[in-house]
Amino acid sequence: MIWNKEMECMDRQAMERLQLTRLRETVSQAYERIPFYRGALDKKGVKAADIHTLADLQLLPFTTKQDLREQYPYGLFAVPLKEVVRVHGSSGTTGKPIVVGYTRNDMDTWTEALARLITQATVGPEDITQIAFGYGLFTGGFGLHYGMERVGATVVPMSSGNSEKQIMLMRDFGTTALVSTPSYALHLAEVAKNMGVDPKTDLRVRVGLFGGEPCSPGMEAAIHDLWGMRVTDNYGLTEVGGPGVSGDCGMGEGQHICEDFYLTEIIDPDTGAPLPYGEEGELVITTLRKEACPVLRYRTRDITRLMPEPCPCGRTTLRMRKIRGRSDDMLIIKGVNVFPSQIEVALAEVTGATMYYQMIVTKRGYTDALEIKVELEPAFFSDDFRKLKEIERNILRVLKRVVGIECKITLVSPQTMERTTGKSKRVLDLREF
Ligand SMILES: [Zn+2]
């Protein structure tokens with residue numbers, strides 16, 4: 001089912017005309033109402049009237065996370081506070097959060113975007129959906145909550161944490177859809193098993209909507225394996241309003257972007273130059289429908305590529321590939337680009353290895369060294385040295401093929417690596433530059 005055929009299946013040219021109109025509106029709104037943007041646009045000598053085609057997007061200044069931080073708390077609001085009905089903020093662990101505001105119309109737009117991606121994930125009125133995202137300043141919990149209500153699903157607003165109770169409610173309420181971070185879904189499966197509950201056979205969860213952190217193909221496979229559920233990925237970030245930028249349709253690869261709300265481009269992260277469709281680079285987002293917090297060319301640091309090809313599902317909107325990692329998370333080890341998501345893909349292939357791992361990068365002399373600690377599955381934990389060596393060798397073999405680097409593997413006992421309900425810390429870079 002398609003939630004909004006008119007918008008999601010719009011003719012490409014009509015969509016681009018709509019985007020151009022909205023882009024001009026957004027630029028003049030930012031110029032007239034937000035001193036920060038007036039300054040940045042004046043510096044570039046650009047006004048809304050200079051935007052004649054979508055390619056003129058390049059004339060506009062970028063917005064960075066640092067810019068948003070410096071405008072804390074309300075510096076980037078384009079409307080008076082009395083028109084703002086909600087604020088959210090980034091989950092930033094250090095310092096002050098990035099604050100975004102929503103007018104009544106923004107809430108409606110946001111909910112519409114979520115209704116689309118929830119419908120794409122096949123969730124509807126028949127579903128009982130457990131939201132295990134944190135509620136609060138974080139955009140994920142409330143975002144999905146409102147979207148789920150709009151499509152008519154029954155919402156269980158459980159929030160994150162309290163894992164044993166999560167499993168109990170899943171069983172008692174007959175939960176069919178789970179909303180959480182992918183790492184938390186892995187953790188919940190483990191908690192269930194410890195309670196004597198097999199998520200595959202004793203629970204009815206048939207689909208998961210994951211976000212809040214990149215869900216690599218490796219994690220997807222691991223979650224599917226443990227839960228037997230359909231795994232869907234969706235994308236968004238606080239800085240542009242939260243989840244609702246794009247979501248999986250289940251047909252092959254890529255997540256459909258809500259293009260009437262978001263204008264996307266890919267740039268070279270080093271030079272800032274725009275890259276053509278199909279090339280991998282940093283995703284940059286311009287909002288097209290925000291009243292309270294319009295954002296011009298936000299640099300997400302997320303690495304992906306855009307796919308303009310028609311999708312078998314019937315939607316005509318541009319798709320983005322699964323996020324390969326954040327440019328901030330990319331490690332260069334012995335000159336090779338390495339993303340944690342690639343390690344996950346490798347681990348998913350090896351019997352006996354779990355998705356709980358940590359990458360430790362050090363420098364010996366002038367040479368980088370990578371050690372990966374990998375937690376064993378309980379059933380494969382043994383004091384038979386040869387069996388452990390075999391798992392180690394298998395991991396090394398797959399890593400060499402998938403990532404192309406040599407490293408040291410250290411297997412650790414089950415249940416010894418840190419579990420988190422949110423984004424997990426998988427990389428420890430101890431090199432001094
Ligand atoms: Zn599709």
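In this predicted model, five strands form an open sheet in the order β11-β10-β12-β13-β16, with antiparallel pairing. The edges of the sheet are taken by β11 (274-275) and β16 (325-326); each has a single partner strand, so one side of each is left without a neighbour in the sheet. Within the sheet, strand β10 (residues 262-267) runs antiparallel to strand β12 (residues 281-287), and 6 bridges join the two. Tyr262 has Thr287 in β12 as its bridge partner.

All of strand β8 (residues 242-248) is buried, 7 of the 7 residues, so the strand is largely enclosed by the rest of the structure. Strand β7 (residues 230-237) pairs with β8 in the antiparallel sense over 4 bridges, and Tyr235 stands opposite Ser246 in β8. The two strands form a hairpin with 4 residues between them, and Gly241 in the turn has a positive phi of about 115°. Strand β9 (residues 255-257) also pairs with β8 in the antiparallel sense, here over 3 bridges. Ser246 stands opposite Ile257 in β9. The β8 and β9 hairpin has 6 residues between its strands, and Gly250 in the turn has a positive phi of about 90°.

With 2 residues between them, β19 and β20 form a hairpin in whose turn Gly365 has a positive phi of about 65°. Strand β19 also runs parallel to strand β22 (residues 427-429), to which 3 bridges join it. The bridge partner of Met359 in β22 is Val427. Salt bridges also link Lys363, Asp368, Asp429 and Arg431 in a network.

The structure holds 23 salt bridges. Among them, Glu239 pairs with Lys65, the closest N and O atoms being 3.1 Å apart. This pair links distant parts of the chain, since Glu239 lies in the loop between β7 and β8 and Lys65 in helix α4, 174 residues apart. Glu239 has a relative accessible area of 6% and is therefore buried, whereas Lys65, at 31%, is partly exposed.

Arg116 takes part in two of the contacts described here. Its side chain meets that of Glu112 in a salt bridge of 2.8 Å, N to O. Arg116 and Glu112 are 4 residues apart in helix α5 (residues 104-120), and are therefore separated by about one helical turn. Arg116 has 3% relative accessibility and so counts as buried; Glu112 is buried as well, with a relative accessible area of 14%. The side chain of Arg116 also meets that of Asp260 in a salt bridge of 2.9 Å, N to O. Because Arg116 lies in helix α5 and Asp260 in the loop between β9 and β10, this pair ties together parts that are 144 residues apart in sequence. Both Arg116 and Asp260 are buried.

Tyr102 and Trp110 form one that is stacked, at 4.7 Å centre to centre and 15° between the planes; Tyr102 and Trp110 are both buried. The rings of Tyr135 and Phe142 have their centres 5.0 Å apart and their planes at 75°, so this pair is edge-to-face. Tyr135 is partly exposed at 23% relative accessibility, and Phe142 is partly exposed with a relative accessible area of 26%. The charged end of Arg86 sits over the ring of Phe142, 5.0 Å from its centre. Arg86 also lies over the face of Tyr146, at 5.0 Å from the ring centre.

Leu81 belongs to the loop between α4 (65-70) and β1 (84-89), and counts as partly exposed at 43% relative accessibility. By contrast, Gln166 in helix α7 (residues 163-173) counts as buried, at 0% relative accessibility. Gln166 and Ile131 are 35 residues apart in sequence and 9.6 Å apart in space, C-alpha to C-alpha.

Note on methods. Residues numbered from 1 in each chain as written. Predicted model: local features only at pLDDT ≥ 70, side-chain atom pairs only at ≥ 80, totals over all residues. Heavy atoms only, no water. Phe/Tyr/Trp six-rings, centres within 6.5 Å; stacked < 30°, edge-to-face > 60°. Buried < 20%, exposed > 50% of the residue type's maximum accessible area, 1.4 Å probe, protein only. Lys NZ or Arg CZ within 6 Å of the ring centre and 35° of its normal. Pairing = 2+ DSSP bridges. Salt bridge = Lys/Arg side-chain N within 4 Å of Asp/Glu carboxyl O.
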